[in-house]
Amino acid sequence: MVEARFVVLENRSVIGVGGPDARSLLQGLISNDVNKVSPAQSIYAALLTPQGKFLHDFFVAELDGGLLLDCEAARAADLLKRLTMYRLRSKVELKERGGEFRIAAIFGADAVAALGLGGEAGATKPLADGVVFVDPRLGAMGARAILPSATATDVLIGCGLQAAASEDYHRHRLALGVPDGSSDVAIDKSFLLESNFEELNAIDFNKGCYVGQELTARTKYRGVVRKRLFRVEVDGPLPAPGTPIMLGDKEAGTMRSGLEHMGIALLRLEDVEAVTKSGQQLTAGEARLTPIKPDWINL
């Protein structure tokens, strides 16, 4: 039996970016190299403030010569507005296309193989008037698909995949310690390197200038990252997002998203080191937290 499931992500939408200047517009704005995108390759990237702080993250895939941004549905209008602001006189067509397409996450041991994809991060192929690609962030996450709304579920079932609940996908994500957009990365506050975006293949340090590039590069080369997102195991009631995390009477970080006994938290590296060495306990509300460094993070 194929060990692969899918969930249609109701919290995702699609923005179409087309026209002769589509790539040049995005290339000057986002953290990854748009020139890598092709019918055989998709990427993960972010849009930042000029001060290098997080605004949006999204996946970029090519379909029929245009670009599709797989983004947060609740914030798609804001992303579209920001892209439009930068368009100026460029020959670029921007359109929210969430009604036309659905986003699906495919996960499980056989997810990539069931879709006939290579194992490389971002490897892409056409599927039923849409595209499917290995998650560019982390191969263990599985794959993602952008498919026509009317047929998305039937197409995925036809690939031998079983429908799953959204909670199943988030358990999978949290077990790997992978952040989920603004649920885990604070808007206009967080920096990409503390949010593990380098390890998640969202930054190209050789592509040249983009909005927020100077701060991101300076942080990288000076090695001044003091906080990181960690996976945490929760013993007790799951703390709400934004709950302060304490080490004794000192604030050590902030809780982000979570489900059941797992979560993501932004933690000060020195406090994580202190916990590891001394056996002290992190707490958040009535819960005790144990930080776990995902094996894909470089520390």
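Buried means under 20% relative accessible area, exposed over 50%, and partly exposed in between, with a 1.4 Å probe and protein chains only. I keep that beside me, along with this: helices (H or I, at least four residues) and strands (E, at least two) are DSSP runs numbered from the N terminus.

My model is predicted, so local features need pLDDT of at least 70, side-chain atom pairs count only at pLDDT 80 or more, and totals for chains, interfaces and linings use all residues. Residues are numbered from 1 along each chain as its sequence is written, and side-chain values use heavy atoms, leaving out hydrogens and water.

**Helix H6**

I looked up H6, residues 213-222, and found Thr-216, Ala-217 and Thr-219 buried. They lie on the same side of H6 because they cover an arc of only 160° around the axis (taken from the directions from the axis to the C-beta atoms). On the face turned away, I found Glu-214, Tyr-221 and Arg-222 exposed.

What do the buried residues of H6 pack against? I traced them to strand S3 (43-48), where contact means heavy atoms within 4.5 Å. Just after H6, Gly-223 has a positive phi of about 60°.

Next I followed S3 to S4: they pair in the antiparallel sense over 6 bridges (pairing needs at least two DSSP bridges). Leu-48 stands opposite Phe-54 in S4. In their hairpin, with 5 residues between the strands, Gly-52 takes a positive phi near 80°.

How many residues of S4 (54-63) are buried? I noted 10 of 10. S4 also pairs with S5 (residues 66-72), antiparallel over 5 bridges.
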